[in-house]
Amino acid sequence: MNTLPARAPLRPLDDALQDLLARAAPALPEESVSTFEADGRVLTQDLRSPLDVPGHDNSSMDGYALRLADLPAAQGLPVSQRIAAGSAAAALQAGSLARIFTGAPVPSGADAIVMQEDAQLLDDGRVQIKASPSAGQWIRRRGEDVARGAVVLRRGQRLSPAELGLAASIGFDCLPVARRPRVALLSTGDELVMPGQVAPEAMPPGAIYNSNRFFLRALLLRLGCEVSDLGIVPDQREATVQALGHAAQGHDLILTSGGVSVGEEDHIKPAVQALGELNLWQIAIKPGKPFAYGRVNHGTGFAHFIGLPGNPVSSFVTFLLLVRPFLLRLQGASGALPAAIMLPAHFDWPKPDKRREFLRVRRNAQGGLDLFANQSSGVLTSAVWADGLLDVAPGLRIARGDVLPFIPLADLL
Ligand code: AMP
Ligand code: MG
């Protein structure tokens, strides 16, 4: 069913994103994976710590544990025990020191550690303390990192290496995460040729290499997706319907590039409408206007459908701004765009667009932003040169020095 009027107004980005995120429910089911394999996955439950970390007061230095009450001791103090990391400590006898190493438990009774550089071993085996230690120095307290019972990671958290380490530190060898999204990837366009299949010098007139397929696949993999690359669909109605119908089986999302504009060779929209429904089409951003969301039915269920523009930069930018949040939300994460950083433009932008624009810019050594000269949506070199997107409101003229929101590409990958 087509739920869109023939000439719907362009949707503002925030509005389209909210709509898209709402449509990503319900989230994918949970599975358990080894903590080793959980990088990039999204937690489906809060992780509560079953223990204190560290589990006991321990030394953060190689040195000596002592009782402050035994100082000063002009003749030095005898060493009554040696405590290495991983061993248990006896109570510290009054009037003595414990030789101690980093990570070793602090013996009961001791109230400070003196590092070995501040101590001197005397000929008679006693140790003289050359510093005046303060109470508690170089002692890492039980539970100072994590208290038993505390929630250390929240459901919806996307896991990165630091989170894996923290989960392991409270004893989790497996983690509950959302199943990987299964994504069918399709490219449309009769002009497309795969690198390796035709040599550059043998390219027929009008042919171009399929570049979108490469970066879209890589972006999907980075988001934890299982990708079925279903190749190139010819620009024909029947072939497009068939390819989408087939792709709906066994996939959570069908992602296409190209063929979603208003040209006679653009068959994606009517094919989606024939197989399901089209809920969203055309967004008021530049690059990236011809973006579409819908559903393709199969049997009793459906696969989400997202159609990206064919122009490579449009495809790249709409993936980052819309598909990425959608896939994160499908896994139970917030899906919010990363927070922008306010930085000064080191260029003028006198002719703004009516649409909200995402310019390809790069931070310079002066802390400002340089603009890539060619902002055409077909120029993929701009995406390689840039290290971020400048978020320019509709109709906003920029004068050198104006401070504007910048989203680092690294936060979007
Ligand atoms: P379309 O959205 O199909 O009208 O395509 C818009 C522009 O993007 C055209 O110049 C296409 O040749 C180009 N294009 C479409 N798909 C790809 C692709 N997979 N790789 C590189 N360029 C593409
Ligand atoms: Mg096309």
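**Reading the model**

Guide: P312 has 15% relative accessibility, so it counts as buried; buried means under 20% relative accessible area, exposed over 50%, and partly exposed in between, with a 1.4 Å probe and protein chains only. This is a predicted model, in which local features need pLDDT of at least 70 and side-chain atom pairs count only at pLDDT 80 or more, while totals for chains, interfaces and linings use all residues. Residues are numbered from 1 along each chain as its sequence is written, chains are lettered from A and ligands numbered from 1 in the order in which they are written, and side-chain values use heavy atoms, with hydrogens and water left out.

Visitor: In which helix is P312 found, and which residues does P312 touch, not counting residues up to four places away in sequence?

Guide: Helices (H or I, at least four residues) and strands (E, at least two) are DSSP runs, numbered from the N terminus. P312 belongs to helix α6, residues 312-330. Contact means heavy atoms within 4.5 Å. Not counting residues up to four places away in sequence, P312 touches S211, N212, F215, S377, G378 and L380. The C-alpha atoms of P312 and L216 are separated by 9.8 Å, although these residues are 96 residues apart along the chain.

Visitor: How many helices and strands does the protein chain have?

Guide: The protein chain has seven helices and 26 strands. Its radius of gyration is 30 Å, well over the 22 Å that the globule rule gives for 413 residues, so the chain is more spread out than a compact globule. That radius is taken over C-alpha atoms, and the rule is 2.2 Å times the number of residues to the power 0.38. Along its principal axes, the C-alpha trace spans about 95 × 55 × 45 Å. Of the 413 residues, 48% count as buried.

Visitor: Does S382 count as buried or exposed, and what lies 2.8 Å from a polar atom of its side chain?

Guide: S382 counts as buried, at 0% relative accessibility, and lies in helix α7, residues 381-385. A polar contact is a pair of N or O atoms within 3.5 Å; within protein, one must be able to donate a hydrogen and the other to accept it, and residues adjacent in sequence count only if both atoms are side-chain atoms. In this case, the backbone oxygen of V379 lies 2.8 Å from a polar atom of the S382 side chain. Leaving aside neighbours within four places in sequence, S382 is in contact with V313, R360, F372 and N374.

Visitor: With which side chains does the side chain of D19 make a polar contact?

Guide: The D19 side chain makes a polar contact with the side chain of R11 at 2.8 Å and with that of R23 at 2.7 Å. D19 is placed in helix α1, residues 13-23, and counts as buried at 16% relative accessibility.

Visitor: Which residues are closest to ligand 1?

Guide: A residue is near a molecule if one of its heavy atoms lies within 4 Å of it. Ligand 1 is surrounded by 15 residues, the closest being E191, N210, G259, G310 and N311. A polar side-chain atom of E191 lies 2.5 Å from an oxygen atom of ligand 1. An N or O atom in the side chain of N210 is 2.7 Å from a nitrogen atom of ligand 1, and a polar backbone atom of G259 is 2.8 Å from an oxygen atom of the ligand.
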